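Subject: Structure handover

Hi,

Here is the structure I promised to pass on. My notes follow below it.

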Amino acid sequence: MTATLSSPIQAGSDCTAAFRAAYENRYTWEPGFGGYRGRCVLEQDGRVVEGTFQVGADLKASVEGIEAEADQKLLAGQLWEVAIHRVRRSFEQTHGANTFTAGDTDAVGTEVIVGGKNAGDRYRIKDNVVTMVHRHIHGTVVTIFTESVTDTGAGYLSRCYTSQYADPASGEARGGRSHFTDTFVPLGGSGPWVLSERVVAVEAHGDTPASRQVFRFEDLQPLG
């Protein structure tokens, strides 16, 4: 029987089974993903730029028809970031060198304290969803809170979530908190779920003003 949060997890107990259930409930693409293409639109600072894009079977994203290289990179970066999170990796591949111990439970979910290879990382889980991620990545700490999800029928995708980078030693914020709203659609009506819109609103931080970007991906078609 798979452990879920329908029964409370005791603080201090091994919660590997419950964390595995939430991890395996994330939506990922079936092996053999063939790639897709479409139109892309970026709205930023009162500007609207449009072009075409392609995400290959190798998950590499290319953008054409947009003059500014910075805009190309922004659009391609969103596509690539979403694609790498759709790659299916087994729990053992990702977390086989870690241990998982339950901490406290609050409104966000039950804390999962990581030991082993990734000691210092923390998660929270609730109703088979990873509702909080606190990870050390390349000399910084990122904390992500998932507020709502899209149920694909074959796992969940984060819909509304926040992301905050911070100094791992002092905890001081590095940049403003980002608020994401992602909309996914099944490719061709029944194919793999892909991103159709992402809205990113970043809070002001220090001398950096607040900003808002809208990325839209339309006329989506599978490759081949």
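**Aromatic pairs**

The structure holds 10 aromatic pairs (rings of Phe, Tyr and Trp, the latter by its six-membered ring, with centres within 6.5 Å; planes under 30 degrees apart count as stacked, over 60 as edge-to-face, the rest as tilted). Please note that this is a predicted model: local features need pLDDT of at least 70, side-chain atom pairs count only at pLDDT 80 or more, and totals for chains, interfaces and linings use all residues. Residues are numbered from 1 along each chain as its sequence is written, and side-chain values use heavy atoms, with hydrogens and water left out.

Take Phe19 and Tyr123. Their ring centres are 4.8 Å apart and the planes stand at 45 degrees, so this pair is tilted. It links distant parts of the chain: Phe19 lies in helix H1 (residues 16-24) and Tyr123 in strand E6 (residues 122-126), 104 residues apart. Helices (H or I, at least four residues) and strands (E, at least two) are DSSP runs, numbered from the N terminus. Phe19 and Tyr123 are both buried (under 20% relative accessible area; exposed is over 50%, partly exposed in between; 1.4 Å probe, protein chains only).

Tyr23 and Phe91 pair edge-to-face, at 5.5 Å centre to centre and 75 degrees between the planes. This pair also links distant parts of the chain: Tyr23 is in helix H1 and Phe91 in helix H3 (residues 91-95), 68 residues apart. Tyr23 is buried, at 9% relative accessible area. Phe91 is buried too, at 4%.

Phe19, Tyr23, Phe91, Phe100 and Tyr123 form one aromatic cluster. The charged end of Arg26 sits over the ring of Tyr23, 4.1 Å from its centre (the criterion: NZ of Lys or CZ of Arg within 6 Å of the ring centre and within 35 degrees of the ring normal).

**The sheet**

12 strands form an open sheet, in the order E3-E2-E1-E12-E11-E10-E9-E8-E7-E6-E5-E4, with antiparallel pairing (two strands pair if DSSP finds at least two bridges between them). Strands E3 (61-64) and E4 (98-105) are the edges, each pairing on one side only. The twist averages 20 degrees from one strand to the next (axes are lines fitted to C-alpha atoms, for helices over the stretch in contact; angles run from 0 to 180 degrees between N-to-C directions).

Strand E2 (residues 47-55) pairs with E3 over 4 bridges, in the antiparallel sense. Phe53 stands opposite Val63 in E3.
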